[in-house]
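Subject: Structure for you to look through

Hello,

Here is the structure I promised. Please open it next to this email and follow along.

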Amino acid sequence: MQPIIEARNLEKIYKTRVERIQALKGLNFSVEKGDFTALMGPSGAGKTTLLNLIGCLDTSTAGELLMDGRQLDHLKEKELTEIRRNFVGMVFQEFFLIETLSALENVMLPALFNPGKKIQKERGAYLMELVGLKNRMQHLPRELSGGEMQRVAIARALMNSPRIILADEPTGNLDRKNALNIFAILAEINHTEDVTVLVATHNVKLAHQAKNIMYISDGLIIKEEAVR
Amino acid sequence: MRLLKIAYKNIARKKIRSLLTIGGVAMAVAVLVSLLGFNAGYKMALNNDVDKMGYQVLVTAKGCPYEAATLMLKGGGGLRYMDADVYDRIVTDDRIDKITPQLATVKTIEGGGFTMYMGIEDSYTELKPWATFKEGKWFTSPEALEVIIGYEAAELEQRTIGDQIFIPDTREILTVVGIFERTGTQDDGVIFLPLKTAQKIFDLPDQLTGIGIKLKDLGQLSAFEEDLYDEGSIQVISLAQVKGTILNLISSAQILVTSVAIIAIFVAIVGVINTILMSVFERTQEIGVMKAIGAGNRQIFQLIWYETIIICTMGGLLGSLFALAGGSGVEYFVKRFLPFAPEGNLIYISPQLILFSLLGAIALGLFSGIYPALRASLMKPIEAIRSGE
């Protein structure tokens with residue numbers, strides 16, 4: 001079966017005025033459809049850089065990155081937007097909800113940016129229910145707790161029915177209980193929504209909630225492990 | 001939910017800043033609407049004034065100021081007189097439909113200002129059929145010591161029928177026999193008396209200041225004027241000239257107000273660009289996230305553009321309301337700069353003008369929004385998201 005994500009000698013170099021930082025040093029890995037993979041590693045290992053490349057927010061310096069067999073390198077901005085819109089759902093550590101919009105409106109936002117899709121309030125409401133926030137739909141972000149905001153962000157990432165959810169340290173700003181809850185939700189949507197999940201974390205216990213763990217250090221995949 | 005709603009909510013996020021920017025646009029639009037309203041209103045009022053002179057051609061002595069505005073500029077002096085023979089020679093011309101001789105004299109009033117006295121004949125009312133009586137009647141005889149007073153002059157001096165009025169620098173006391181209805185022209189401020197009486201009491205025998213003429217066929221105007229030039233001691237003024245002269249007189253006031261309007265619009269454009277650009281910079285991370293969840297360049301451009309359009313449209317609406325509400329105040333202000341102000345409203349704000357101003361405000365929004373919208377739409381998502389770190 002064709003992997004949903006495949007990296008071949010993937011490299012990313014950041015150049016500043018004073019230095020040249022090689023964040024990824026020739027990664028080779030693949031993620032199968034339906035996987036729930038945790039990306040583990042210390043700060044500065046390259047987790048965020050890798051997720052940004054897969055999420056089409058940034059482009060690689062060398063190597064190949066394929067999504068569902070389609071090469072992402074050298075795509076034009078319009079094509080990258082198309083992938084961000086239809087194939088990928090992003091979840092960030094800082095939630096990044098639009099403060100002027102209600103929770104439900106935040107969830108529905110990706111559909112507004114997707115001209116090919118009708119904005120379905122029902123789907124927004126369903127996703128809010130899926131993340132356990134049925135009674136919080138009309139609340140503004142400032143009226144929600146951190147855990148609730150992250151659950152809204154997960155619902156938002158699912159709005160356009162993406163093939164893959166990329167979560168970058170989604171529990172970094174949450175307490176233990178909320179962190180476990182978020183991972184439980186990610187596991188559930190991996191199962192019920194048939195979506196591949198790739199989540200970056202440095203919490204070993206949380207990483208073991210996933211099906212697989214990829215260990216990344218100093219820009220290289222150093223180990224892959226099947227958890228269950 | 002639509003982009004427009006998000007744009008509106010973004011504007012509402014910073015209420016004070018948005019209100020100040022809207023206020024700036026509103027002021028610019030109000031000045032513009034008032035100015036254009038003044039242009040339209042002034043021309044209408046002037047046309048009305050000139051048309052209600054009742055004649056197409058005015059014959060005066062050479063060098064004589066032919067218009068009340070010029071008299072005002074000269075402090076009521078400078079009138080020149082021609083022989084009544086001129087009237088006798090012209091009156092026989094077949095091309096003339098109606099003709100009336102006039103003798104105008106100006107007397108200064110204690111404490112400033114002046115009153116215009118006009119000697120007229122029965123033919124005056126043929127040229128000015130709208131000059132009807134509010135009270136009283138026409139002179140009892142061509143040499144009667146009687147006056148008919150214009151509406152405003154009567155109001156100002158609190159005159160009624162039967163009152164006796166003393167004319168300065170003369171020894172005559174005249175009786176008020178009539179008061180004209182308001183005509184909305186300069187005639188409202190004039191005191192009329194029989195031509196022969198005027199010639200006698202002002203000691204100007206067989207003298208005239210003007211002859212008003214209406215032709216049977218307006219197409220003959222040029223030829224008629226040409227023929228009158230043969231009369232060496234007179235000048236012929238067509239109403240087109242009168243209008244042109246007055247419009248030239250007010251052009252300096254118009255230039256002043258136009259300059260203010262242009263500066264106001266320029267300041268408004270800079271204000272809008274500044275506000276939206278600041279808002280874009282503050283929301284850089286948010287814009288990055290929007291791109292990360294699927295927003296394209298065009299949609300981000302649209303979103304920011306909508307914000308400027310909303311601000312400018314609201315400013316346009318508010319400015320139009322300001323102009324409508326403050327029209328009389330602006331009129332009072334503008335009148336102080338005018339060498340000649342016709343009767344009636346000087347500012348005419350039509351529905352078309354309001355529509356034009358709104359479209360102008362929207363165009364201002366479209367123009368002002370281009371740069372901030374481009375800046376936002378061309379942001380790279382990863383750089384925008386990282387900007388908050």
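Below are the notes on what was found.

This is a predicted model: local features need pLDDT of at least 70, side-chain atom pairs count only at pLDDT 80 or more, and totals for chains, interfaces and linings use all residues. Residues are numbered from 1 along each chain as its sequence is written, while chains are lettered from A and ligands numbered from 1 in the order in which they are written.

Start with strand β3 of chain A, residues 36–40. Strands (E, at least two residues) and helices (H or I, at least four) are DSSP runs, numbered from the N terminus. Five of the five residues of β3(A) are buried. Buried means that 20 or more other C-beta atoms lie within 10 Å of a residue's own; exposed means 12 or fewer, partly exposed is in between, and C-beta atoms are placed from the backbone. A:Phe36, A:Ala38 and A:Met40 cover one side of the strand, with A:Thr37 and A:Leu39 on the other.

β3(A) also has partners. Two strands pair if DSSP finds at least two bridges between them. Five bridges join β3(A) to β8 of chain A (196–201), and the two run parallel. Here A:Leu39 has A:Ala200 as its bridge partner. With β9 of chain A (212–217), β3(A) pairs over four bridges, again in the parallel sense. There A:Thr37 is bridged to A:Asn212.

Next, two helices. Two packed helices are described by the angle between their axes and the distance between the axes. The axes of α3 (103–112) and α4 (121–130) of chain A come within 9 Å and cross at roughly 115 degrees. Axes are lines fitted to C-alpha atoms, for helices over the stretch in contact, and angles run from 0 to 180 degrees between N-to-C directions. Residues are in contact if their C-beta atoms, placed from the backbone, lie within 7 Å. On the α3(A) side, A:Ala103, A:Leu104, A:Val107 and A:Met108 take part. They meet residues of α4(A), including A:Lys121 and A:Leu127.

Last, one residue. A:Gln22 sits in strand β2 of chain A, residues 20–31. Why is A:Gln22 partly exposed? Because A:Gln22 has 14 C-beta neighbours inside 10 Å. Not counting residues up to four places away in sequence, A:Gln22 touches A:Glu11, A:Ile13 and A:Gly219. A:Glu143 is 121 residues from A:Gln22 in sequence and 41 Å away in space, C-alpha to C-alpha.

Best wishes

Terms used. Two residues are in contact if their C-beta atoms, placed from the backbone, lie within 7 Å.
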